[in-house]
Amino acid sequence: MERDDMGMDVYGKNPTSDEGGYFRNNVWWWRPLADYLLQTYPDLTGECTYWHTNDGDGLSAESATALADALQRDLDNGNVAAYAAAYEDRIAALPLIECTLCAGTGLRTDAIGRQYGYDVPHDPITGRGGCNGCQGDGKVQSWEAHYPFSVENVVEFAAFARASGGFEIH
C-alpha cells in the first residue's frame with residue numbers, strides 16, 4: 001500500500017516484537033481504518049478518544065490485545081472482507097462532483113490555467129488542453145473516494161496491536 005509523509009505514526013508502548021513497535025498509515029489510509037475500528041468495536045476503542053488526531057492518545061496493553069483478538073476473529077470469519085467489499089461498492093457508487101478548478105466547464109480559465117494551456121478544449125491527439133483537475137470532463141470523484149480501505153491494512157494493524165503492549169497515536 002502506498003504511504004506518504006503525512007499520516008499517523010502509531011507506537012507500541014511495550015512491544016513484544018518488532019511488529020509491535022511501529023505502525024504507520026498516511027492520512028488517506030488511516031481515516032477509514034480508524035472509522036472501521038470505531039464503528040465496529042465501540043466497546044473496545046472507547047478508551048482512546050482521539051483516533052483522528054496524532055496527539056498521543058491510544059489504548060492500554062489489555063485493550064490493544066482485546067482489539068487484536070476481535071480483529072483476528074473478524075478477519076477469520078470474513079467480516080472484514082465483507083466490510084471491505086461493501087466499502088468499495090459504496091465508494092464506486094458515489095456520484096461524480098463538479099470540478100472546483102474549472103467550475104464544471106472542463107476549461108481552467110484562472111491564471112494557472114491560462115499559463116499552462118488548460119483554458120482550451122482537450123485535444124485527444126496531442127493530449128493537451130482541458131482542465132488539469134478533471135481532464136476536461138468537468139466532473140471529478142468525491143473526496144471520499146480517495147480514502148481506501150483494505151483487508152491487508154487491517155491484518156497489519158491487528159498484528160501490530162497484538163504485539164504493541166498498548167499504543168499511542170502520534
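## Basis of the values

Because the model is predicted, local features require pLDDT of at least 70 and side-chain atom pairs count only at pLDDT 80 or more, whereas totals for chains, interfaces and linings use all residues. Residues are numbered from 1 along each chain as its sequence is written, and side-chain values rest on heavy atoms, with hydrogens and water left out.

## Packing of H1 against H3

Two packed helices are described by the angle between their axes and the distance between the axes. Helix H1 (residues 27-40) and helix H3 (residues 61-76) have axes that come within 12 Å and cross at roughly 95 degrees; helices here are DSSP runs of H or I with at least four residues, strands are runs of E with at least two, and both are numbered from the N terminus. The axes are lines fitted to C-alpha atoms, for helices over the stretch in contact, with angles running from 0 to 180 degrees between N-to-C directions. H1 and H3 are therefore roughly perpendicular to each other, a label for angles of 65 to 115 degrees, while those under 35 count as roughly parallel, those over 145 as roughly antiparallel and the rest as oblique.

On the H1 side, Tyr36, Leu37 and Thr40 meet Leu67, Leu71 and Asp74 of H3, where contact means heavy atoms within 4.5 Å. The residues of this contact divide into four nonpolar, one polar and one charged, with Ala, Val, Leu, Ile, Met, Phe, Trp, Tyr, Cys and Pro counted as nonpolar, Asp, Glu, Lys and Arg as charged, and the others, Gly among them, as polar.

## Salt bridges

A search of the whole structure finds five salt bridges, each defined as a side-chain nitrogen of Lys or Arg within 4 Å of a carboxyl oxygen of Asp or Glu. One of them joins the side chains of Arg162 and Asp69 at 2.7 Å, N to O; Arg162 lies in helix H6 and Asp69 in helix H3, so this pair ties together parts that are 93 residues apart in sequence. Arg162 is partly exposed at 38% relative accessibility, and Asp69 is partly exposed at 40%, given that buried means under 20% relative accessible area, exposed over 50% and partly exposed in between (1.4 Å probe, protein chains only).

Another salt bridge links the side chains of Arg73 and Asp74 (3.3 Å, N to O), in which Arg73 is partly exposed at 47% but Asp74 is buried at 4%. In the salt bridge between Asp110 and Arg108 (3.0 Å, N to O), Asp110 is partly exposed at 31%, whereas Arg108 is buried at 8%.

Helix H6 (residues 151-164) contains Val154, which is buried with a relative accessible area of 1%. Setting aside residues up to four places away in sequence, Val154 touches Leu33, Leu71, Leu75, Val80 and Phe149. Ser164 also lies in H6 and is buried at 0% relative accessibility; beyond its neighbours within four places in sequence, Ser164 is in contact with Gly12, Lys13, Asn14, Pro15, Gly20 and Ala64.

Asn25, found in strand S2 (residues 22-26), is likewise buried, with a relative accessible area of 0%. The side chain of Asn25 makes a polar contact with that of Asn153 at 2.9 Å, although the C-alpha atoms of Asn25 and Asn153 are 8.7 Å apart in space and the residues 128 apart in sequence. A polar contact is a pair of N or O atoms within 3.5 Å; within protein, one atom must be able to donate a hydrogen and the other to accept it, and residues adjacent in sequence count only if both atoms are side-chain atoms.
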